[in-house]
Amino acid sequence: MSRLGVFVCHCGENIGATVDVTEVAERCKHMSGVAHAEDYKYLCSNPGQNKIKQAIQEHQLDGVVVAACSPRMHEPTFRRAVSDAGLNAYMCEVANLREHCSWVHQKADSTTEKAVDLVRLQVEKVKRNKPLDTIQVPITRSALVIGGGIAGIQAALDIADSGHKVILVERSPALGGHMAQLSETFPTLDCSQCILTPRMVDVSRHPNITLLTYSEVEHVDGFIGNFKVAIRKRARMIDEELCTGCGECLQKCPTKNVIDSFNEGLSMRRAIYVPFAQAVPNIPVIDTEHCRRYQKKKCDRCAKACPTKAIKFDQKDEILNVEVGAIVVATGYQVMSTDRFPEYGYGTYPDVITGLQFERYASASGPTQGVIKRPSDGKEPETVVFLACSGSRDAAKGVKYCSKICCMYTAKHAMLLKHKNHNAKAYVFYMDIRAAGKNYDEFVRRAIEEDGVKYIRGRVSRIYEEDGKLIVKGADTLLGGEPVQIKADMVVLASAALPNHGQGELAQKLHVGTDPYGFVAEAHPKLRPVETTSAGIFLAGACQSPRDIPETVGQASAAAAKVTALLSRSHLAREPLVAEVNRRPAPEYSTCTGCLLCETACPYQAIGHEDIKDRNGNVLKTLAKINPGLCQGCGTCVSLCRTKAIDLHGYSNEQVFAEIMSL
Amino acid sequence: MTSTFKLSASALETLFAALSTGGWRILGPTETDGRVEVREVKNPSQVASQYLQSTLSAKEVAFPKVERLLSYKMTPGQVELQDHDPELQPTVLFGARPCEAAGFGVLDKVFNWDSRDKLFSARLRQLTVIGLSCTQADDACFCTSVGGGPGSTRGSDLLLTPLPKGGYLAEVLTAKGEALQALVPAVFEPAEGVDKEALLAKVEPVFDRAELTAKLPGLFASELWAEQSLRCLGCGACAFVCPTCACFDIQEEADTKQGQRLRLWDSCGLRQFTLHASGHNPRNVQAERWRQRVYHKFSYFPQRFGEAMCVGCGKCTRACPVDMNLKEHLTQASGA
Amino acid sequence: MADDVFEPKITAFVCNWCTYAGADLTGTSRLKYQSNVRIIRLPCTGRVDFMLIQKAFARGSDGVIVSGCHPNDCHYTSGNYHARRRWMVFNDLMEFMGLDMRRITFSWVSAAEGAKWATLVNEVTDHLRELGPYTEYQRLLNAGVA
Amino acid sequence: MDVLRNKARDLLAQGQVQVVIGYEAGTSGARRPSFARSEADAARLMWDADCVGNLAGYLTRPEIKKMGKAAIVANAATLRALLQLTAEHQLAEGAVLALVVTEEGAVLELSNAQAVTEQVATLPSSLSAADREKLERLMALSREERRAFWEQELQRCVKCYACRSSCPMCYCGSCTMDCNRPQWVPVASHELGNLEYHTVRAMHLAGRCVQCGECGRACPVGIPIHLLTCYAEESVRRQFGQPAGTSATLNYALGNFRPDDQESFIR
């Protein structure tokens with residue numbers, strides 16, 4: 001027979017005004033197994049918690065039901081109190097009398113009746129609770145960072161600085177991500193490369209960081225503290241040890257017409273290339289899809305030119321198997337390309353470009369050395385129209401969300417144009433100006449007031465070409481929808497930021513959730529913004545949703561802090577609310593039949609199998625086995641199991657059954 | 001006390017009408033979709049005419065498949081306990097085959113060998129059995145090997161034997177039978193010179209029950225049982241259709257406020273029947289469970305009560321999904 | 001509750017992360033709904049064995065609500081998808097067995113849908129009140145016991 | 001038939017198998033399971049249109065497993081059950097030799113899952129025309145009529161578990177019905193206990209039932225319970241397109257999902 005204590009909270013007037021709390025406590029005294037029941041004004045307060053602790057001692061209670069606010073609020077508080085009093089923390093359940101009763105019903109007998117029912121439910125449950133111990137999972141004290149943009153760089157540096165080993169995997173041949181492509185950054189207009197390059201160099205020199213560029217995550221197994229990751233290190237065809245980065249090979253390559261993606265297609269590169277001058281690592285890559293050696297089976301000019309014989313044409317992809325305790329996803333974003341906009345010519349007008357392309361023109365290291373030119377004829381444009389919200393906030397044709405960074409960079413672009421060509425005219429079509437952030441609004445005001453950028457509130461309905469000009473037709477909604485027509489030399493689309501290509505596949509490999517747009521989902525939008533739905537996997541930067549550099553860096557440091565906290569211990573304590581396969585005496589061993597139908601149902605691949613063997617090693621029975629480190633306690637396997645061999649601690653069959661039976 | 005009469009074909013109508021008027025419940029074999037079941041009937045036309053055996057036995061009448069023994073209610077501080085005392089109606093079981101009728105006697109021995117089983121006895125007390133002799137039999141039948149016969153009077157209060165030209169030969173066998181006769185004395189016409197034996201089905205004895213009983217202790221370790229039971233599925237069909245199987249389980253169905261204790265049919269053929277809480281099962285394989293079934297019926301029970309716990313009705317054989325033929329298996333054992 | 005109005009008994013099986021939290025939000029938002037429902041908290045709709053629904057009816061529930069995270073929003077990434085499949089078959093089988101499926105409401109209520117929860121409970125309660133007690137099932141509870 | 005007997009005799013004589021599970025003449029005129037372990041036993045084996053029982057259930061029994069390697073005279077249902085049992089890790093791949101008697105009277109030896117899979121692929125639908133018609137007739141009824149039908153039928157159940165015992169997929173050593181902590185389903189065969197039992201059984205066979213109808217044949221009181229499991233399996237096939245008993249690789253519809261599974265009842 002249990003000796004349970006029931007503690008009913010008034011929560012001031014919150015529960016007390018609607019539910020007859022004293023009556024509830026009185027009724028609880030008569031429930032079978034209840035040894036003590038009382039009510040109190042605020043149980044979550046220190047005196048309230050002390051009352052619980054005292055009662056546990058005084059009445060030798062072996063289980064506690066706290067009838068108060070939602071367990072999502074104070075369950076940990078009360079479990080701690082119970083544990084302080086010497087009971088197992090999991091011998092405590094919370095009946096939700098506030099959110100599920102007093103706040104949602106009128107004062108009535110039926111409401112008090114419901115409160116009694118809700119307590120009885122938990123009384124019956126807690127009778128079947130079992131003391132549980134936290135699960136200790138050993139931790140591999142190193143981390144993997146996926147993505148070598150500013151988010152990944154910052155996260156890797158912070159983790160490495162705290163003394164843990166980091167493997168930084170970048171898909172492209174060099175670090176830097178989109179930030180390396182940018183010209184100057186808002187709101188300070190400092191040069192992006194100038195502030196980024198030192199960070200990239202720090203990464204390459206950091207003794208705790210293993211940098212794997214031109215590499216991708218192939219497969220992920222395991223769980224928090226114990227991930228096993230296979231990384232495909234793609235063949236660069238260059239021996240990284242031998243290469244000195246002298247660049248001799250680059251000059252000799254006869255293939256010069258490969259579209260340069262770093263320059264957003266605005267220039268051409270060779271088949272052997274370094275993405276940009278300051279690239280880290282400064283080691284070229286042979287693009288075998290375009291290299292004559294691979295396409296036509298001849299040419300070895302680069303190899304001949306190489307003074308250190310670093311070029312290895314027969315290099316193969318390598319699979320590196322690494323073990324890490326934590327993973328940071330920092331895979332960034334991509335922008336919606338111009339061909340997604342039918343009304344702007346479906347990408348057929350060369351002078352309609354994206355913001356990122358504009359960045360490359362404006363960049364001193366870009367294809368035009370910082371002179372803004374237009375793609376069609378290389379002339380410097382006099383009139384440039386910037387279209388904010390190209391594809392963003394457009395449920396019909398684009399994406400529903402605000403891409404967040406466009407307002408600011410559009411102002412910056414217009415400003416840069418004016419700075420580089422004082423006579424140029426800059427027009428910005430916008431829906432709203434979203435410039436919340438330190439010095440952001442000031443920045444936009446500066447563009448308008450000091451640099452004379454013309455802001456027109458309205459959307460552009462159509463762009464077409466006429467006499468070498470782009471005719472931009474729109475309406476000024478501030479002037480009552482008056483039609484506006486601008487003859488422009490160039491149009492820059494602040495096109496929507498999208499999840500990076502390949503992110504869906506990566507999310508699947510990592511078993512992390514994504515939102516409906518495909519961005520990586522955070523564990524909680526407010527309270528756990530840098531954690532994913534999978535324990536031990538964190539996120540940073542625009543892979544979560546579009547964001548600017550300061551926010552990205554801040555978040556990367558936050559993720560790094562989470563990782564550091566995780567890796568600072570040798571073992572991880574996890575909530576023991578996990579599923580387990582039962583054991584029975586021989587000859588049954590378990591009611592599990594080993595059908596393993598549960599295996600595919602587990603969202604975490606936590607179910608494997610084990611053999612029960614006799615002394616001579618003969619297999620007597622094969623059972624499903626649940627890895628408590630991987631199991632997250634969803635219970636999907638439990639409800640699937642025909643022999644009821646799997647049960648879930650904290651929500652066991654007996655507990656749930658008793659709850660139903662108490663109604 | 002046997003006295004023999006003749007009943008005309010229409011006499012049953014009169015009897016049924018009188019029973020209904022007298023507040024009796026009449027149960028009889030009915031046939032729907034080829035399935036013969038014992039159900040409540042109002043007049044003889046509802047009774048199945050040409051049938052060999054009902055699938056389930058009539059034992060339900062005295063030993064229901066689910067029966068409440070007691071119930072209780074819990075209120076703060078106390079438990080209110082209530083013995084189950086069903087309101088029983090005087091009942092006539094019409095058309096019980098002689099083997100089935102004999103079954104009640106076997107059950108009575110089990111339920112009442114020392115302390116009397118209140119519920120079973122109460123139900124039996126209310127029961128009057130009108131037996132119906134068999135004019136046909138099938139391969140599964142072996143009543144004559146276990147002390148019965150197609151016209152056996154054992155267990156019947158009134159036994160009817162169909163006459164070739166309609167009507168019945170009626171044997172009033174007990175006081176309960178006499179009470180029936182007293183209800184409609186006019187329809188009981190004198191009968192003389194009817195050769196009952198000639199009217200009955202022929203069921204040849206296939207083994208000697210006493211010899212078998214004597215032999216079984218020596219066969220306990222025989223491979224025979226494992227051989228016979230290889231195809232046995234381990235279900236409870238044989239026991240649940242059996243007129244003499246009396247094993248039951250007691251289950252409590254309860255919640256936080258109330259509960260009831262139920263008596264349910266059980267079967268030694270089921271693995272769980274002997275499963276201990278420790279996980280040990282003294283009858284761990286089907287061979288042992290099959291042997292138990294045979295031994296209980298033909299060794300242990302006869303040693304104790306002097307007769308087999310089997311009436312040779314063959315229901316188990318007919319019900320078995322894999323043709324575990326009791327007659328065949330017993331014949332084998334006799335010859336072993 | 002007036003004596004002459006039938007008050008249905010409703011059992012709700014909800015997941016901890018969406019519907020339970022959504023029902024919390026109903027409370028925090030002080031939205032009112034009828035008090036007939038009793039919530040049983042489970043980690044995930046994936047944990048909802050169809051036998052739980054069966055048992056709720058066996059306990060005399062007039063209606064059952066099963067609710068969890070919207071597709072794609074499962075805290076455990078796919079528990080609700082598994083649950084959905086199970087319900088699809090269960091629903092179909094129950095139809096075939098002639099059970100009254102108006103008595104079971106499956107729904108997705110997110111942690112942000114406090115108002116939806118209130119509306120859902122009110123609608124289900126009103127509907128069940130209209131349907132009356134689930135006598136068809138409750139008759140079974142003592143049927144077949146001699 | 002002689003071809004089968006000879007084949008069985010040879011297999012036993014050469015020690016390729018230690019038991020041939022097949023059919024023999026029963027006492028009631030029907031066929032019953034037979035276990036030939038010697039050359040003499042092989043002469044009892046039979047094959048004809050009456051060999052309808054699904055024998056695959058015997059393969060998972062400890063008594064039979066102890067005998068050694070088994071060959072099984074397999075009709076279509078037995079073959080399907082073989083595949084499903086292999087998929088559910090109850091039979092090791094290649095552990096059983098399936099003997100299929102062709103219409104021409106020849107005996108095919110199917111020694112591995114692939115051979116069985118290919119053979120099954122040539123077979124017509126697993127749901128018999130008669131059962132399909134029964135399902136359709138029931139579905140054409142009103143809900144209340146269906147309820148009345150099943151209520152009438154299920155109240156007759158005595159919970160002898162012949163259905164469970166005869167089902168090749170009910171191999172679980174400890175069934176949900178045997179679970180008493182908690183007692184999910186009442187042990188009693190009262191109406192609630194029966195309804196719950198048969199619902200659970202049908203749900204547990206959804207996506208696993210090979211539609212052999214063995215449970216319906218086994219029922220001593222003649223309840224067409226196989227219609228429940230057959231329907232549950234049909235429901236899975238219709239909604240998810242994953243038929244049981246067609247592959248030795250596990251493809252359990254209720255252990256999988258598609259994000260775009262289409263339902264019409266979730267609010």
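The side chains of Glu328(B) and Arg32(D) meet in a salt bridge, with 2.8 Å from N to O; the term stands for a side-chain nitrogen of Lys or Arg within 4 Å of a carboxyl oxygen of Asp or Glu. Between chain D and chain B the count comes to five salt bridges. On the side of chain D that touches chain B, at least two residues each are supplied by β2 (31–36), α3 (62–65) and α8 (162–166) of chain D. Helices (H or I, at least four residues) and strands (E, at least two) are DSSP runs, numbered from the N terminus. By class, this side of chain D has 18 nonpolar, 13 polar and nine charged residues. Here Ala, Val, Leu, Ile, Met, Phe, Trp, Tyr, Cys and Pro count as nonpolar, Asp, Glu, Lys and Arg as charged, and the others, Gly among them, as polar.

The model is predicted, and local features need pLDDT of at least 70, side-chain atom pairs count only at pLDDT 80 or more, and totals for chains, interfaces and linings use all residues. Residues are numbered from 1 along each chain as its sequence is written, chains are lettered from A and ligands numbered from 1 in the order in which they are written, and side-chain values use heavy atoms, with hydrogens and water left out.

In it, 40 residues of chain D are in contact with 36 residues of chain B, contact being heavy atoms within 4.5 Å. The two chains bury about 2800 Å² between them, 53% of it on carbon and sulfur atoms. Buried area is the accessible area (1.4 Å probe) that two parts lose on being put together, summed over both. The rule also finds 17 residue pairs in polar contact across this interface, both residues at pLDDT 80 or more. A polar contact is a pair of N or O atoms within 3.5 Å; within protein, one must be able to donate a hydrogen and the other to accept it, and residues adjacent in sequence count only if both atoms are side-chain atoms.

Chain D also meets chain C. Here 48 residues of chain D are in contact with 43 residues of chain C, and the pair buries about 4300 Å², 64% of it on carbon and sulfur atoms. Nine salt bridges are found across the interface of chain D and chain C; one of the pairs joined by a salt bridge is Arg267(D) and Glu123(C), at 2.4 Å from N to O. Polar contacts link 24 residue pairs across it, both residues at pLDDT 80 or more. The elements of chain D that give two or more residues to this side are α6 (129–140), α7 (143–154), α9 (191–205) and α11 (226–240). The residues of the side divide into 26 nonpolar, 10 polar and 12 charged.

At 4% relative accessibility, Arg147(D) counts as buried; buried means under 20% relative accessible area, exposed over 50%, and partly exposed in between (1.4 Å probe, protein chains only). The side chain of Arg147(D) reaches the backbone oxygen of Met97(C) at 3.3 Å. Leaving aside neighbours within four places in sequence, the contacts of Arg147(D) include Gly98(C), Leu99(C), Glu136(C) and Leu195(D).

Chain D as a whole holds 11 helices and five strands.

Chain A contains 17 helices and 36 strands, and its C-alpha trace spans about 90 × 75 × 40 Å along its principal axes. Of its 663 residues, 58% count as buried.

Some backbone details of chain A also deserve a look. Most residues other than glycine have a negative phi, and most peptide bonds are trans. The peptide bond from Phe186(A) to Pro187(A) is cis, with omega near -5°, and Pro187(A) sits in the loop between β8 (184–185) and β9 (190–191) of chain A. Asn439(A), which is not a glycine, has a positive phi near 65°. At 41% relative accessibility, Asn439(A) counts as partly exposed.
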